[in-house]
Amino acid sequence: MISQVENPVLEIHDLTVSYDQNPVLWNVDLSLPSGKLVGILGPNGAGKSTLIKSIMGLIPPTSGYVRIFDKPLNDVRARISYVPQRESVDWNFPASVLDVVMMGTYGKLGLFRRPGKKEKNLAMQCLEQVGMTGFVERQISELSGGQQQRVFIARALAQQADLYLMDEPFAGVDMATETAIFQLLKEMADSGKTVLVVHHDIHSAMNFFDWVIMLNLHLVASGPKELVITEDLLRKTYGGKLNLLTKVTDLIRNKDFNPLKS
Amino acid sequence: MEDFVYFFTFQDPSITWVVLGITLLGIGSAYVGTFSFLDKKALLGDAISHAVLPGICLGFILAGEKNPVYIVTGAFLSGALATFLSSWLKKNTKLSEDTIIATILSVFFGIGIVMLTALQKSGNPEIAGLNSFIFGNAIGISETDLMIYGGLSLTIIIVLTLFLKEFRLMVFDPGYGKAIGFPMEAIRFLFNVLMILAVVIGIQAIGVVLMAALLITPGAAARFWTDRLNPLLILAASFSIISGILGTYISFVIPQMPTGPWVVVFLSLIALLSFMFSPKSGIIFRYFSRKKYLRKTHKDHLMKALYKAREENKEGLTIEEIYELYPYQKVQIDQSIKDLLQEGFITKNQTLVNLTSQGTSDAMRIVRLHRLWELYLNESMNIAPDHVHESAEQMEHLLTPELEAMLEKRLNFPTLDPHQETIPRENHDL
């Protein structure tokens, strides 16, 4: 069940991605409409983060390509915002909440130029949107997991982008925060932004997302929530990895070179 | 004393030059080093500083004398080769980073020592100055040397200041930097160049063996005092300057004394003091705040005991009775009684101890927190009533009024704890 759309915001064409020689995503081919809150679902190790990272160009694809706003990534980077996984950084780094959110303005500033008053005001606005105004000067290691997550989201907001890619923004977040953040994302989608969220909880996914992508090393489904969240597709997504696919992966890994590389 | 005055009044212009040089060197290396410390790449600095030795020797051979341009260039190239090799090996082999760094450090340094020994045997009279590159000699620096080393330091400081935002991103979240389109590989490359330069500028004054200490220790020591990047950089630079100048002074006063080891001694002293005395993360502060906390828990326990006596309609407890409740804690009990008397929470009539009205309400709060927590564990976390007491003994000292309110709301203002004891709120609960 893969719904393709006309004039997509994001088009992924036959994307295959490998780590070293381990294929972790097979021939993902999908397109997304604009102004939607999109969930990427799948079990652990299904390649959800990998998909986001390769959309952002952080992992080179083995084959296939990604087009965003009908252009290659490098032409439209300023319009895309990225929230990495919280664990990907060292929160003991000497910085305040404001310092981190200000990083969201670096992209528009470019090299050399330093953030000034305008950037600071923008950062403050974004902190307000995620309800973190009371923590502006706080050292980032003193925050709870949920608060760190909100700082990352504020940083992404400060990029003022049209497409948002978020890697597990709800990991380690309490229920109240989760609902508040979902509300914020919903408002963003309503104002025409497209928000892609890697997520693991099917329950809240049913409530919040408009569009759902289901992954399990390969693309199981991509389409409007009502069409995609079915018992059959959920079983295909969460019912274990395809036996044959695992065997082929082993075969490739044991070769002396990567045979998938074009 | 005479030497001290002579040195620090800068009557001798050559001393002024040396101090200026060591100051610039201190700022430059502390600046770069703090970033590499935050980036958890402290060992790379050590490898580079050992790896510049073959380049120094090669520069000497080519120039036939101690020409700073040749030597700096040689040192830079051999440091660059080591850096390149380490990242190439990391990318193309499955060797772990510490293996690679240890190998590069020892191989390059070994080659350097072989070359140095061969040069010493060659009988070139200029060779004497070359030995100072091992442990450094700041006093022996000539004015031309100073121009070159000082100039390089200044370059490092300026470039780092210009790219502060980019380097901050490189250390904190390079993936994000790449995502917003910053050329993170080029920034990393630039940083590595600065790192090698920072090593190169220190070889004359500090020496190749100990240069890593000047890179890493200032940042590590300063980290105890601040949680912000800019103050961290300033503090690290100050530590580095102070140790640099003191080390230079020692090698000025005592002939034949190398500078590097003394700079490291002073740096270590600063690091040790920071480790001991800094607020929040220093061990002494932590020792005292723990002690203060323990004192509070003893007081809380005593008040609780007195409150429970009131629940049983006793008019207070005698000191003997209290000792019996908490055997082996006589000293702490005496201390608590003294403290609580002073704070006006209890009264003592000969040997009978009782709560004042102020003490009663505070004791009630502790008992309330204890019982609320027991009930919470029992109801929300499914823990059996006979397993909840220990945890409540700890939490009663920690729970804030905010959390208390949340507990009350969550449990819907309960009246009894899992042991059927009253959760006290007003005075009439007694």
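Mentor: Happy to! In this predicted model, chain B contains 20 helices and three strands. Its C-alpha trace spans about 100 × 60 × 35 Å along the principal axes. The radius of gyration of chain B is 32 Å, whereas a compact globule of 430 residues would have one near 22 Å. Of the 430 residues in chain B, 42% are buried. If you take the contacts in chain B with a separation of 6 or more, 69% of them are between residues 24 or more positions apart.

Let's go inside next. The largest nonpolar core has 161 residues, and Val52(B) and Val200(B) are among those with the most contacts inside it, along with Val101(A), Ala154(A) and Leu165(A). Helix α2 of chain B, residues 13-38, gives this core its largest share, twelve residues. Apart from that core lies another one, of 15 residues, including Leu302(B), Phe345(B), Ile346(B) and Val367(B).

You will find Leu119(B) in helix α6 of chain B, which covers residues 97-121. Setting aside residues up to four places away in sequence, Leu119(B) touches Cys57(B), Phe60(B), Asn124(B), Ile127(B) and Leu130(B). Take Phe60(B) from that list: Phe60(B) and Leu119(B) are 59 residues apart in sequence, yet their C-alpha atoms are 9.1 Å apart in space.

The strands deserve a look too. Strand β2 of chain B (residues 346-349) and strand β3 of chain B (residues 352-355) run antiparallel and are joined by four bridges. In one of these pairings, Thr347(B) has Asn354(B) in β3(B) as its bridge partner. Together β2(B) and β3(B) make a hairpin, with two residues between the strands. In the turn you can pick out Gln350(B), which has a positive phi of about 55°.

Finally, see how chain B meets its partner. The contact takes 19 residues from chain B and 18 residues from chain A. On the chain A side, twelve of the residues that touch chain B are nonpolar, four are polar and two are charged.

Key:
Residues are numbered from 1 along each chain as its sequence is written. Chains are lettered from A and ligands numbered from 1 in the order in which they are written. This is a predicted model: local features need pLDDT of at least 70, side-chain atom pairs count only at pLDDT 80 or more; totals for chains, interfaces and linings use all residues. Two residues are in contact if their C-beta atoms, placed from the backbone, lie within 7 Å. Ala, Val, Leu, Ile, Met, Phe, Trp, Tyr, Cys and Pro count as nonpolar, Asp, Glu, Lys and Arg as charged, and the others, Gly among them, as polar. The radius of gyration is taken over C-alpha atoms; the globule rule is 2.2 Å times the number of residues to the power 0.38. A residue is buried if 20 or more other C-beta atoms lie within 10 Å of its own, exposed if 12 or fewer, and partly exposed in between; C-beta atoms are placed from the backbone. A nonpolar core is a set of buried Ala, Val, Leu, Ile, Met, Phe, Trp, Tyr and Cys residues joined through C-beta atoms within 7 Å. Two strands pair if DSSP finds at least two bridges between them.
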